[in-house]
Structure formats: C-alpha cells, structure tokens
Amino acid sequence: MPEPADPRALVDDLVAAEAGDWDLAGAVPDGVLRRLGAAGLLCPQVDGRYGGLGRDSRWTGEFTAHLGSRCGSVRSVLTSQSMAAGTIARLGDAAQRHEHLTRLTSGALAAAAFSEPGAGSDLSAMTTEVRRDGDGVVLTGHKTWITAAAYADLVVVVARQDDGAAAVVVPADAPGVVVTPVVAPSGCRAAGHADVRLDGVRLPASAVLGGGGQPLPLLVTAALQHGRMSVAWGCVGILRSCLTEASRHAATREQFGVPLAEHQLVARHLAELLVAERSATHACEHAADAVDARSPDQVVAAVLAKHTAATLAARGAASAVQVLGSAAARDGHPVARAHRDAKLMEIIEGTSEICQLILARHAVAAAR
C-alpha cells in the first residue's frame, strides 16, 4: 500500500476540527475510520505483503501521538485495530494472515476482545470458551468494554480452549454475536466501546488463529504489549495537546494587568507540563527502540512507558484545566476532553496498580 504523502496532514484534515463534535455525539463517522484504515494508518505495522505500511514501532508511536493529540477516540480505535492485527500477524498461519490482514489494510475495521465482567486486571479468570464441534468450533462467552467493537467488522476474541487458550476471528455479523454499545462512557466517548456477547457462535475451524492451543499468559502478554505501547504514545499526544492549549491561553489571557504566564504559580504548571511531555516521550522512545531491536527488555519497557505516560497525562491534563479555568470547564474543549480521556488511560491495558506490580517484580528480580 502506498503511504499517504503526509499521514499527519491527513489526520489534521479528517480529524482535528471534528474531534470535539464526535466526542459530544459519542461516535466517529464510519467513512472517516474506513478512510484511515484504507490508508493503512489504523495498523501501520502490518507488513507490505498484506497491503500494510510496514512501519516500525518508533514511527508508529510518533504517528499515534499525533493522532492522540487530535482525538483520543480515533487513537483508541487505532489501538484496538493494531492489537487485532498484531495478534493475527503473530498467531495466524499464512492463509489467515493473508485473508484478514489484507482486509484490515483495505478499510475493514477490527477490535480485540480480552476483558470480561469477571476478568479485568486478572485475565486468567476469563470464562469465554471455544470448543471443537465436528469440523468447526463453537464460541460462548461475554466480553465487556471492548474498544472499537461498535464499529468492527471482525472481532479477535481471546478464549479458553481445552487446557490452553486461543484467539478466534469472529465476524461481527455472525449469528449469535450481540454487540451492545456502552452508553455515555466518561472517556474516549467516540471510541466505539461495546460489550460483545457470544451465544453459541458457530464458526469454521479456520477462524481459530494458528489452530489455537497457545498458553494464555503468552497470548495475553504479546497482545497487550501492542496496546500498552499505543496507549503510552497516545498519552504523549494528550500531554502535547494540553501543553499547547495551556501555553496559548496563559500567553494571551491577562489577569491583574499581566499575562497569566507571568504569574509564577501558573508558570509552574506550564513547566511541569513540559517536563511531563518530555519525560513521557523519552519513556516511549526507549520502549519503541527496545521493541524494534527485539530486546529482551521490551515487555518491561512497554509497561514502564505505559505507566509513566498515563500517570503524567492524568496529572498534566488536570494542571491544564487549572490553567485554563472556566475555559476548559465545558464539554467540547480539547482540554476538557483530554482530562476525561487521560483518566481512562490509567485503567485500560493494565491499571496503574498492575503496572506497578509488574515493575516492582522486575526490580526485585533484577536485584537478585
């Protein structure tokens, strides 16, 4: 697939001016997502043999940050589609990769379904099951809060299979699939969050990627790395948006006869926002370079980047609200949107607490 002449310009043209309205409406126009998908920009790392752009983690991250600075909801769709595409690329056989990845680089939309009502941070508790039935399989279970599922043509569902696990490619319109949008989510309102119920969904055996039977921890860890990297870079985008909006406001808004930026306590907020943006960026760059180098530290680096960027984005967005005051206290403003979106980033793809546990275990192991 030929890369758009300027992917960032395409994002600015399609997304930037409309993001606030989409957030209020709770939906992104289908045509916008499909145009970005057909340009290869919702899963940029898919190999060129499948029509993808074949970009590395560093390029993908910087693009994700730019998209995230314009619209957290569309960035969330990119995250889910990239997780689905990454799972297909890693686990699928040659025929499965060709069939599904070429669809995803031609405008089809996908979601990745992990979490369940009783399995959020503890994905080992998932109960969704795929079982063999003659020459096919039957899938039963309930996935919840699945990003982009409301838009998806196909959903990559992680389920238990015998003593292991499997990833199953499920057409969203298959009999027995019920997709119910989450009503009025607090953050990333237009990201198409939905619950997905699977009531005895019958599929051909070829729907199971690589035949299944993978260890659940391996399958989950591999897919979550894509998600954590994408969320981390998206948080960099949130910080960049907040820094721009807060700095512009502080430079032009006067109080007591001088610009807000000349008040020391306001200047402190701006300085801390800049530090947060730079710190999050460096953590993400380190993680992306580790992924591209296939370093054994890439999993921990991704967790560190996600935790650092999400924590700083939530704190930075709150600081930006403080600087803008009432200007950011209304729906539709980029900083108000960032404030809500950033909090959600501390929860998805591994809560802050789960990230801290992983990092603490790494620290203890490294000290031995």
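Modeller: Helices are taken here as DSSP runs of H or I, at least four residues in length, and are numbered from the N terminus. The model before us is predicted.

Colleague: With that settled, how many aromatic pairs does a search of the whole structure find?

Modeller: The search of the whole structure finds one. Planes under 30 degrees apart count as stacked. The rings of Trp59 and Phe63 have their planes at 10° and their centres 5.6 Å apart, so this pair is stacked.

Colleague: How far along the helix are Trp59 and Phe63 separated?

Modeller: Both residues belong to helix α4, which spans residues 57–70. Because Trp59 and Phe63 are four residues apart in α4, about one helical turn separates them.

Colleague: Let us turn to the packing of helices. At what angle do helix α5 and helix α6 pack?

Modeller: Angles over 145 degrees count as roughly antiparallel. Helix α5 (residues 72–91) packs on helix α6 (residues 94–104) at an angle of about 160°, and their axes are 9 Å apart. The two helices are therefore roughly antiparallel to each other. In passing α6, α5 makes a left-handed crossing.

Colleague: Which residues in α5 and α6 meet?

Modeller: From α5 come Gln81, Ala85, Ile88 and Ala89, and they meet Gln96, Arg97, His100, Leu101 and Leu104 of α6. Sorted by class, this contact of α5 with α6 has five nonpolar, three polar and one charged residues.

Colleague: At roughly what angle do the axes of helix α7 and α8 cross?

Modeller: The axis of helix α7 (residues 216–252) crosses that of α8 at roughly 155°, and the two come within 9 Å. That angle makes α7 roughly antiparallel to α8. Their crossing is left-handed. The contact of α7 with α8 has 19 nonpolar, three polar and four charged residues.

Colleague: Helix α8 also packs against α9. How far apart are their axes?

Modeller: The axes of α8 (residues 264–292) and α9 (residues 298–324) are 9 Å apart, and the packing angle is about 160°. That makes α8 roughly antiparallel to α9.

Colleague: Which residues does α8 bring to the contact with α9?

Modeller: The residues in α8 include Val266, His269, Leu273, Ala276 and Ser279, while those they meet in α9 include Gln298, Ala301, Ala302, Ala305 and Thr308. By class, the contact of α8 with α9 divides into 16 nonpolar, eight polar and no charged residues.

Colleague: What are the helix and strand percentages over residues 220–362?

Modeller: UniProt annotates residues 220–362 as "domain: Acyl-CoA dehydrogenase/oxidase C-terminal" (unreviewed entry). The chain there is 78% helix and 3% strand, and its end C-alpha atoms are 18 Å apart.

Conventions:
Residues numbered from 1 in each chain as written. Predicted model: local features only at pLDDT ≥ 70, side-chain atom pairs only at ≥ 80, totals over all residues. Heavy atoms only, no water. Axes fitted to C-alpha atoms, helices over the stretch in contact; angles between N-to-C directions. Parallel < 35°, antiparallel > 145°, perpendicular 65-115°, else oblique. Contact = heavy atoms within 4.5 Å. Nonpolar A, V, L, I, M, F, W, Y, C, P; charged D, E, K, R; others polar. UniProt positions renumbered as here; feature names shortened; annotations may be inferred. Phe/Tyr/Trp six-rings, centres within 6.5 Å; stacked < 30°, edge-to-face > 60°. Left-handed = near helix turned anticlockwise from the far one by under 90°.
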